[in-house]
Amino acid sequence: MSAEFPYVRPRRLRQSPAMRRLVAETRLHPAELILPLFVREGVSAPVPVTSMPGVLQHTRDTLRKAVVEAAEAGLGGVMLFGVPAKQDAIGSEGTNPDGILQQAIRDVVAEVGDALVVMSDLCLDEYTDHGHCGVLAADGSVDNDATLERYAEMARVQADAGVHLVGPSGMMDGQIAVVRRALDEAGHQDVGILAYTAKYASAFYGPFREAVGSSLKGDRKTYQQDPANAREALRELQQDVAEGADLVMVKPAMAYLDILRQVADASPVPVAAYQVSGEYAMVEAAAANGWIDRERMIMETLTSIRRAGAGQILTYWAVEAAAMLK
């Protein structure tokens, strides 16, 4: 028995909801939540993502409704992903000024203006017929520097469409510097960059590939980070900040809370985390089987990400969580 007992009783601060609320060390707020949204070209009605119950591939019209709902919920922003009708070796639709993502950016900005921060995924995997995040070399590997040229053009067309933040997610070396230079040279100095700084080659991305219609065969281990490594995440952080990142991100979130804590402790810029498709799908599947309390699990997972240091959280539960926080 502790020498301090019975005078020190930590349970005194746990006795009621009001007391627990008073002394809570970590708080969630809707403005910290970012909703990822998918918009699909050539569909007349939303298409459910079967591996992510409740998540849709939107039409342009239903996307407009979804972002209005997000704004009314008080969310901080939305992250847009395009699902094109056609793919090719270099991801041409990713740089088409009238491609589905660029159309979606214009629609969303026209609908909600500055009520939300409008973000867009800057990567080629949705647009390539091989499913990789870049251009392939003759030997089938991803050509880092040739890919950067495509990213520069993607940044320009997304900025021209009116996006507030671009999200380079391909984990190419030098991508932040190239995107920053492309934006500045095109007169888009005010468009920010949310850098996918520590993006791991994770099994948690499986359902997302259905959501974006990915054609990937194989894996992305030659350019995304090894799940075994932590130190290199800090090296990536140092490099991305030096190259001009305005925010940085850790992805996935829950299996990498230790990485998130280290990045948050070291970063001079805001730090986000992405609660990815596999994390979402596991909770939904367990809840559907009656094995867990779904709402408690949603809030507990989000709180853990916030507690580990994320100032912003991308989550498919953003609107629902915002309602629970009110």
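First, some ground rules: residues are numbered from 1 along each chain as its sequence is written, and side-chain values use heavy atoms, with hydrogens and water left out. Keep in mind that this is a predicted model, where local features need pLDDT of at least 70 and side-chain atom pairs count only at pLDDT 80 or more, while totals for chains, interfaces and linings use all residues.

**Helices 3 and 4**

Helices and strands here are DSSP runs numbered from the N terminus (helices H or I, at least four residues; strands E, at least two). Take helix 3 (residues 100-112) and helix 4 (residues 144-161): their axes come within 8 Å and cross at roughly 30°. That makes helix 3 roughly parallel to helix 4 (the label covers angles under 35 degrees, on a scale from 0 to 180 degrees between N-to-C directions). Leu-101, Gln-102, Ile-105 and Arg-106 of helix 3 touch Val-157, Gln-158 and Ala-161 of helix 4, contact meaning heavy atoms within 4.5 Å. Sorted by class, this contact has 4 nonpolar, 2 polar and 1 charged residues; Ala, Val, Leu and Ile are among the nonpolar types, and Arg is among the charged ones.

**Salt bridges**

A salt bridge is a side-chain nitrogen of Lys or Arg within 4 Å of a carboxyl oxygen of Asp or Glu. By this rule the count comes to 12, and the table shows some of them.

| Pair | N to O distance |
|---|---|
| Arg-156 and Glu-153 | 2.9 Å |
| Asp-265 and Arg-261 | 3.1 Å |
| Arg-294 and Glu-320 | 2.6 Å |

Arg-156 and Glu-153 both sit in helix 4, 3 residues apart, or about one turn of the helix. Asp-265 and Arg-261 are 4 residues apart in helix 8 (residues 257-266), so about one helical turn separates them. Arg-294 and Glu-320 form a salt bridge too, and this pair links distant parts of the chain, with Arg-294 in helix 10 (residues 294-307) and Glu-320 in helix 11 (residues 318-325), 26 residues apart.

How open are these side chains? Asp-265 is exposed, at 57% relative accessible area, whereas Arg-261 is partly exposed at 34%. Arg-294 is partly exposed at 24%, and Glu-320 is partly exposed at 27%. (Exposed is over 50%, buried is under 20% and partly exposed is in between, with a 1.4 Å probe and protein chains only.)

There's also a salt-bridge network that links Arg-60, Asp-61, Arg-64 and Asp-107.

**Asp-173**

Asp-173 is in the loop between strand 6 (165-168) and helix 5 (175-185). Leaving aside neighbours within four places in sequence, Asp-173 is in contact with Asn-144 and Leu-148.

How values were computed. Angles under 35 degrees count as roughly parallel, over 145 as roughly antiparallel, 65 to 115 as roughly perpendicular and the rest as oblique.
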